[in-house]
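Visitor: I am new to this structure. Please show me how to read it, one feature at a time.

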Amino acid sequence: MSLSSAIAIAQSAFSTTASQTATVSKNVANASNADYSRRMAMLGTTADGAQIVSIYRSQNEALLKQNLTSISQSSAQSSLLSGLELLKSALGGNDYETAPSTYLTAFRDSLQTFASTPGNSTIAATVVADASDLANSISKTATAVQDLRRDTDKQIAEEVDNLNALLASFETVNNAVKQATATGADATAALDERDKLLKEISELVGISTVTRADNDTVIYTSDGIVLFETQARQVTFTATSAFDASTTGNAIFVDGVSLSAGTGADTTAQGELASLLQLRDDIAPTFQSQLDEMARGLVTLFQEGSLPGLFTWSGGTVPVASTIEPGIAATLSVNSAAQANPFLLRDGGFNSLVSNPGGATDPHSGYTDLLDGFITAMDGDMAFDAAAGLDGTSSIMEFAASSIGWFEQIRSAASTADDNKTALLARTEEALGNVTGVSIDEELSLLLDLEQSYKASAKLISTVDAMMASLLEAVR
């Protein structure tokens, strides 16, 4: 080996070591960046020694796809659970203190007490007050349900805008990846950014990807709708300004095809948008129907002469039996005549049909037939619309309790599913991180090896320098 060859080899080693050290330093600097994939300097052998051929980016397509799926499922479940927790808060929290079933039980207990002492004016006023609390609970809960639907609709509009912005960014980054790949330039930074955008998109909608020539990526929704191919597809949604029991929210369209909502407490939804649709169009409307059926049941049970008695509503009629009257819960109230004269509940007379044998001028204070009849009716079976999702034949007491049981069962199952999907997401992130993430220990070990390589190259230069000095001395 000539001295010039030795110097060339040492220079090549210095250059290679410098590039490897820069790569390791960049890895260490991004060790805490979850969106960064580890770089490795790939070496090749030439006549002048080892040289950097390319910078390799760690990646695993299968693990990335599994991670994207886990992100979509966890995001959807978390979004669904958040909506259910908001509704639970409106019902009084863990013990459902302000739920209609709670006030219905209190009202029935007061009614029984009144039946045992029908001449007590204080107890009569208490029954009417409890009836008012019950009506307010049902109407306020119905308002909370529609507020939840309205807020969910607004959130859908915001997330659709976010999705369109992410797809526009993805188009820019994907074009940069294709160009760099086609020209042989370094595409690692653009690939990191593209994977980051895929994760953010998967939070909003379930996706699958296909990689084509020049690292071009196509995105499909979990329903198979094209979301991105060469350019972003437009996602459209028209928000609804106000909601009531008869309002149907608008669909989300991806390139003209509607996005499907999730189903079940352990939701099938992938991505936040599908679970928001489920909350707005399935769970909340079903609970609204149950509230409407409770309100219809109360108006029916306490009617007088085919007209509303103690309980009334904006329609002013007794609704059709066993058929949901949309929105009746929101306007349910206690007849103002009962508030003026609580004994009307005992004697009748809301619609001029007095049942007390003593009449309106001198009623019998011990008369209990109407009160006993109301209590019996509340404990007896009546028909409910099966569209409310509960037993079609039960007492109003059982129906109200079943409604809260139905809701709590969904919320509890959703909470368990959220824990499971969060744990699955953590495992997929860990598995992907083990392949593509940076290990500080591994990088520091590599730095020690590079230090030794640098020392060897420096020793070679030193030796060549000494030999050159000896040769020059000999020539003199």
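The dialogue below goes through strands, salt bridges, cores and a pocket.

Guide: This is a predicted model, in which local features need pLDDT of at least 70, side-chain atom pairs count only at pLDDT 80 or more, and totals for chains, interfaces and linings use all residues. Residues are numbered from 1 along each chain as its sequence is written, and side-chain values use heavy atoms, with hydrogens and water left out.

Visitor: How do strands pair, and what do β3 and β4 form?

Guide: Strands of a sheet pair through backbone hydrogen bonds, either parallel or antiparallel. Helices (H or I, at least four residues) and strands (E, at least two) are DSSP runs, numbered from the N terminus. Two strands count as paired if DSSP finds at least two bridges between them. Here β3 and β4 make a hairpin, with five residues between them. In that turn, D214 has a positive phi of about 60°. The pairing is antiparallel and runs over five bridges. S208 faces Y220 in β4.

Visitor: Which strand does β4 join through two bridges?

Guide: Strand β5, residues 226–229, in the antiparallel sense. Y220 stands opposite V226 in β5. These strands form a hairpin too, with four residues between β4 and β5. G224 in the turn has a positive phi of about 90°.

Visitor: Is β4 mostly covered or mostly open?

Guide: Buried means under 20% relative accessible area, exposed means over 50%, and partly exposed lies in between (1.4 Å probe, protein chains only). Strand β4, residues 217–221, is mostly covered, with four of its five residues buried.

Visitor: What is the order of the open sheet of three strands?

Guide: The order is β7-β8-β9, with antiparallel pairing. The edge strands are β7 (235–236) and β9 (257–258), and each pairs on one side only. Strand β8, residues 253–254, pairs with β9 over two bridges. F253 stands opposite S258 in β9.

Visitor: Now the charged pairs. How many salt bridges are there?

Guide: A salt bridge is a side-chain nitrogen of Lys or Arg within 4 Å of a carboxyl oxygen of Asp or Glu. The count comes to 18 salt bridges. One of them joins K199 and D35, with their closest N and O atoms 3.9 Å apart. K199 is in helix α5 (188–204) and D35 is in the loop between α1 (3–29) and β1 (39–46), so this pair ties together parts 164 residues apart in sequence. K199 is buried, at 17% relative accessible area. D35 is partly exposed, at 27%.

Visitor: Which residue forms a salt bridge with R39?

Guide: D192 does, with 2.7 Å between the closest N and O atoms. This pair links distant parts of the chain, R39 in strand β1 and D192 in helix α5, 153 residues apart. Both R39 and D192 are buried.

Visitor: And where do D195 and R57 lie?

Guide: D195 is in helix α5 and R57 is in strand β2 (49–57), 138 residues apart. Their side chains meet in a salt bridge of 2.6 Å, N to O. D195 is buried at 16%, and R57 at 5%. Elsewhere, salt bridges that share partners join R212, D216, E229, R233 and D255 into one network.

Visitor: How do I read a nonpolar core?

Guide: In soluble globular proteins, nonpolar side chains tend to be buried together. A nonpolar core is a set of buried Ala, Val, Leu, Ile, Met, Phe, Trp, Tyr and Cys residues joined through side-chain atoms within 4.5 Å. The largest one has 64 residues, and F107, L111, F302, L310 and F311 touch the most other members. Helix α4 gives the largest share, eleven residues. Apart from this core lies another, of 33 residues, among them L167, F170, I225 and F228.

Visitor: What is R411 in contact with?

Guide: Contact means heavy atoms within 4.5 Å. Leaving aside neighbours within four places in sequence, R411 contacts L81, L84, E85, K88 and Y96. R411 lies in helix α10. R411 counts as buried, at 11% relative accessibility.

Visitor: Last, the largest pocket. Which element gives the most to its lining?

Guide: Helix α5 does, with five residues. Of the 30 lining residues, S37, L64, D195, L432 and T436 are the closest to the pocket's centre. A pocket is an open set of points on a 1 Å grid over the protein atoms alone, where a 1.4 Å probe fits, with protein on both sides within 12 Å along at least five of seven lines; lining residues have an atom within 4 Å of a point.
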